[in-house]
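Visitor: I have a structure open on my screen and would like to learn how to read it. Could you walk me through it, feature by feature?

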Amino acid sequence: GLSGRVVKLQYNDGSGGCFPLHYDNPGKPNKRALTCAVYLNPEWKDGDGGELQLVPFLSRSVIIPPKMNRLVIFRSDSVLHR
């Protein structure tokens, strides 16, 4: 937008699917510094899917379950994720 801020919302209905590993800021002219994900899954349980995989540069992968009211914040330019 005009302020230089962008908000993206995504709704997944549970039918599967996954983005490939990617950065949210692949480089100039993108100025995004942080990516934030908020999970609103009141009924989520193991086996439902939807986990976030973070792959920090030169570090081990981390899997984060999408539990209700969880906020995940990570660097947009150096953390691959899907």
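**Reading the strands, the core and the charges**

Guide: Start with the secondary structure: the protein chain has zero helices and five strands. Helices (H or I, at least four residues) and strands (E, at least two) are DSSP runs, numbered from the N terminus. Along the sequence that gives the pattern β-β-β-β-β. Keep in mind that this is a predicted model, where local features need pLDDT of at least 70, side-chain atom pairs count only at pLDDT 80 or more, and totals for chains, interfaces and linings use all residues. Residues are numbered from 1 along each chain as its sequence is written, and side-chain values use heavy atoms, with hydrogens and water left out.

Visitor: Which strands form a sheet, and in what order?

Guide: The general idea is that strands of a sheet pair through backbone hydrogen bonds, either parallel or antiparallel. Here three strands make an open sheet with the order β3-β2-β5, and the pairing is antiparallel. Two strands count as paired if DSSP finds at least two bridges between them. β3 (62-64) and β5 (79-81) are at the edges with a single partner strand each, so one side of each has no neighbour in the sheet. From one strand to the next, the twist averages 30°; axes are lines fitted to C-alpha atoms, for helices over the stretch in contact, and angles run from 0 to 180 degrees between N-to-C directions.

Visitor: How many bridges link β2 and β5?

Guide: Strand β2 (residues 52-56) pairs with β5 over three bridges, in the antiparallel sense.

Visitor: Let's go inside. Which residues make up the largest nonpolar core?

Guide: A nonpolar core is a set of buried Ala, Val, Leu, Ile, Met, Phe, Trp, Tyr and Cys residues joined through side-chain atoms within 4.5 Å. Buried means under 20% relative accessible area, exposed means over 50%, and partly exposed lies in between (1.4 Å probe, protein chains only). The largest core has eight residues: Ala37, Tyr39, Leu52, Leu54, Ile64, Val72, Phe74 and Val79. The elements giving two or more residues to this core are β2 and β4 (71-75). Across the protein chain, 20% of the 82 residues are buried.

Visitor: What is Val79 in contact with?

Guide: A contact means heavy atoms within 4.5 Å. Setting aside neighbours within four places in sequence, Val79 is in contact with His22, Tyr23, Leu54, Val55, Pro56 and Phe74. For the whole protein chain, among contacts between residues at least 6 apart in sequence, 62% join residues at least 24 apart.

Visitor: Now the charges. How many salt bridges are there?

Guide: In general, side chains of opposite charge can pair when their charged atoms come close. The cut-off used is a side-chain nitrogen of Lys or Arg within 4 Å of a carboxyl oxygen of Asp or Glu. A search of the whole structure turns up three salt bridges.

Visitor: Where does each one sit, buried or exposed?

Guide: Let's go pair by pair.
- Arg32 bridges to Asp24, with the closest N and O atoms 4.0 Å apart; Asp24 is buried at 18%, while Arg32 is partly exposed at 25%.
- Asp48 and Lys45 meet at 3.5 Å, N to O; Lys45 is exposed at 52% and Asp48 is partly exposed at 40%.
- Arg75 pairs with Asp77, with the closest N and O atoms 2.8 Å apart; Arg75 is partly exposed at 47%, and Asp77 is partly exposed at 36%.

Visitor: What else does Arg75 touch?

Guide: Arg75 lies in strand β4. Not counting residues up to four places away in sequence, Arg75 touches Ala33 and Leu34. The C-alpha atoms of Arg75 and Tyr23 are separated by 9.0 Å, though the two are 52 residues apart along the chain.
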